[in-house]
Every structure is written in C-alpha cells, then in structure tokens.
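Visitor: Please take me through this model, one topic at a time.

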Amino acid sequence: MSFSFSFNGVDFSSLGVKVNASGPEWIPAPKFDIITVPGSDVALANASRYQARALKFSGVVIGASFADLTAKMDAIALALNERNDCILSVDAIPGRYWMARLGGPIVAELRRTSAKVDFSFIANDPHAYSTTETDDVQTWPRAAWEITPGGTHEIAPAVIFEATGAATVVVIENSDTDERISWAGTLATGNRLKFDCATWRVWFDQAGLDDWELSQATVSGTFLTLRPGVANNLRLLAPAAGSLRLIYRERYV
C-alpha cells in the first residue's frame, strides 16, 4: 500500500510522489544528560528529553514523460529547499504532524518516466502533535476543572488567566501532578496573564488587546504539565474568581 506526505504546505502526491516504505524508527532513543557532582566522582544520568527524530521515506515519482518527470523533480527540490522547520504530515498517520526540515540529500534513480527517490527529514523536536488544537475556557468559583487529554506524552499547555476583579496574586495548580505556579502583582478587571508552560514564560496583557508584555519577576513554583490518558484537575487557588483558558495540542512520541 503506497501513501504520500505533505511538507511546507505542498502535497507531494500532487507531484507524483508515492511512498512504499518508511524508516524503522518509531520511538526515538532518550538523550541522557550526564551531570557531574562537583568535588566527587559521582555522575547522574537524567533522561529528560529525546533525541531528534529521523523520518525517512522511499518511493517513486511518476511522470507522463521524461520532461514531465524532471519538472516534478525540480518542483520537489524547490518545496524541500527550506531552511526553517516546516509542518510535515504523513497520509498513513492522519491527525498528526511534525516540525521538520530536510535531513539529507534527495537520492534519486531516474528512468524514462519514473524515478526511485529516498527522502530524509530531521525533527529536532521528535514529538508529533495533533492537527487539532484544544482551546477551552472555564470560570471560577468552582471546585476543579478536569481534563483528560489524549496522546502518549505529557503536554505543556498555555494557560491564560483573566481577572474578573482586583487581585494581587494568581495561583494555579494541577493537583494530579503536584505542580503549582504563582504570580504576584496588581491586576484589575480584564487584565490577563498567559502562562506559556512550553517556554517557561509568563506574559501580561493589560487591555485585553493581545498586547502581551513579559512579566516574570514575581513568578514562582513549577510550570504545569498535563498527563495523557488520565484525569488532570486544574484548580485556581487564588484569586477566588476569574477564568482560565487552556490551549494545547495532544503530543505523541
């Protein structure tokens, strides 16, 4: 069974690409960071992240003539000649995408109206992400907000708090992961804080016009994560009233 892929906004099936084999890697190997303890011969290994993922495809390109074949090969080269990471999605794995770039030369064996081609991509972030973004809002006071995301790897969401009254501290926790993040300062009705848990940054918006300014001087605690496949209970511990907006994509490794 053949399939194709899309990269940099280009559906490669439209360029005659039919993939009949892919690389064997499914889960990339963990990357171990070795931490040496000063003054001793002890070293600690911390498997905190995964190595980059290699995505390899072998297939054929079909042309109506040799001229048509070379034109398609030129179009393929143009679409792949991108310095930045681009969205890579595979027809055989619907609903997911990687951020990747070309990982090696395009290896091709040209015949009169067909070419055998090997594609290699590299994703420095090895995780695949859902093509559907979850964006939901809940208001307080309430006991908790229970979220059960899918995927196979923990998620670092964006959490936006909007004040419905004056406040001097904001405390949000995931009681199921024992993670709690706090911000201290002065908030008025309509002011917002965005906790970007993927980048460990907190942003302040005074007018509700998406005019975000970095506001991290009074942040303490641990940025939140969501565990896949199980319940996560988010709680607004302070102030007593307000709203939380949660934005994330399910993540796979």
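Visitor: What should I know about the model itself?
Guide: This is a predicted model, in which local features need pLDDT of at least 70 and side-chain atom pairs count only at pLDDT 80 or more, while totals for chains, interfaces and linings use all residues. Residues are numbered from 1 along each chain as its sequence is written, and side-chain values use heavy atoms, with hydrogens and water left out.

Visitor: Back to the helix. Which residues of helix 1 are buried?
Guide: They are Leu69, Lys72, Met73, Ile76, Ala79 and Leu80. Seen down the axis of helix 1, these buried residues fall within an arc of 125 degrees, so they line one face of the helix. The arc is that of the directions from the helix axis to the C-beta atoms.

Visitor: How many residues does helix 1 have, and what does it reach from its first C-alpha to its last?
Guide: Helix 1 (residues 66-80) has 15 residues and reaches 21 Å, close to the 21 Å expected at 1.5 Å a residue. The expected span is 1.5 Å times one less than the number of residues.

Visitor: Changing topic: how many aromatic pairs does the structure hold?
Guide: There are 10 aromatic pairs. Rings of Phe, Tyr and Trp (its six-membered ring) pair if their centres lie within 6.5 Å; planes under 30 degrees apart count as stacked, over 60 as edge-to-face and the rest as tilted. One of the pairs is Phe12 with Phe119, edge-to-face at 6.3 Å centre to centre and with 85 degrees between the planes.

Visitor: Where do Phe12 and Phe119 lie in the chain?
Guide: Phe12 is in the loop between strand 2 (10-11) and strand 3 (17-22), and Phe119 is in strand 10 (residues 114-123); the pair thus links distant parts of the chain, 107 residues apart. Both Phe12 and Phe119 are buried. They also belong to one aromatic cluster, together with Phe3, Phe5, Phe7, Phe57 and Phe121.

Visitor: Which ring does the charged end of Arg96 sit over?
Guide: The charged end of Arg96 sits over the ring of Tyr252, 3.8 Å from the ring centre. The charged end of Arg142 likewise sits over the ring of Trp140, 5.8 Å from the centre. The criterion is NZ of Lys or CZ of Arg within 6 Å of the ring centre and within 35 degrees of the ring normal.

Visitor: Is the peptide bond from Trp140 to Pro141 cis or trans?
Guide: That bond is cis, with omega near 15 degrees, and Pro141 is found in the loop between strand 11 (128-140) and strand 12 (145-147). The bond from Ala238 to Pro239 is also cis, with omega near -5 degrees. Most residues other than glycine have a negative phi, and most peptide bonds are trans.

Visitor: On phi, then: is the value for Asp178 positive or negative?
Guide: Phi of Asp178 is positive, near 60 degrees. Asp178 lies in the loop between strand 14 (167-174) and strand 15 (179-187), and Asp178 is exposed, with a relative accessible area of 71%. Asn8 has a positive phi of about 60 degrees as well; at 32% relative accessibility, Asn8 counts as partly exposed.

Visitor: Last topic: how many salt bridges does a search of the whole structure find?
Guide: The search finds 8, a salt bridge being a side-chain nitrogen of Lys or Arg within 4 Å of a carboxyl oxygen of Asp or Glu. Among them, Glu133 pairs with Arg249, the closest N and O atoms being 4.0 Å apart. Glu133 lies in strand 11 and Arg249 in strand 21, so the pair ties together parts that are 116 residues apart in sequence.

Visitor: Which residue forms a salt bridge with Arg192?
Guide: Asp205 does, with closest N and O atoms 2.6 Å apart. Asp205 is buried at a relative accessible area of 0%, and Arg192 is buried at 11%. Salt bridges that share partners join Arg192, Asp205 and Asp210 into one network.

Definitions and conventions
Helices (H or I, at least four residues) and strands (E, at least two) are DSSP runs, numbered from the N terminus. Buried means under 20% relative accessible area, exposed over 50%, partly exposed in between (1.4 Å probe, protein chains only).
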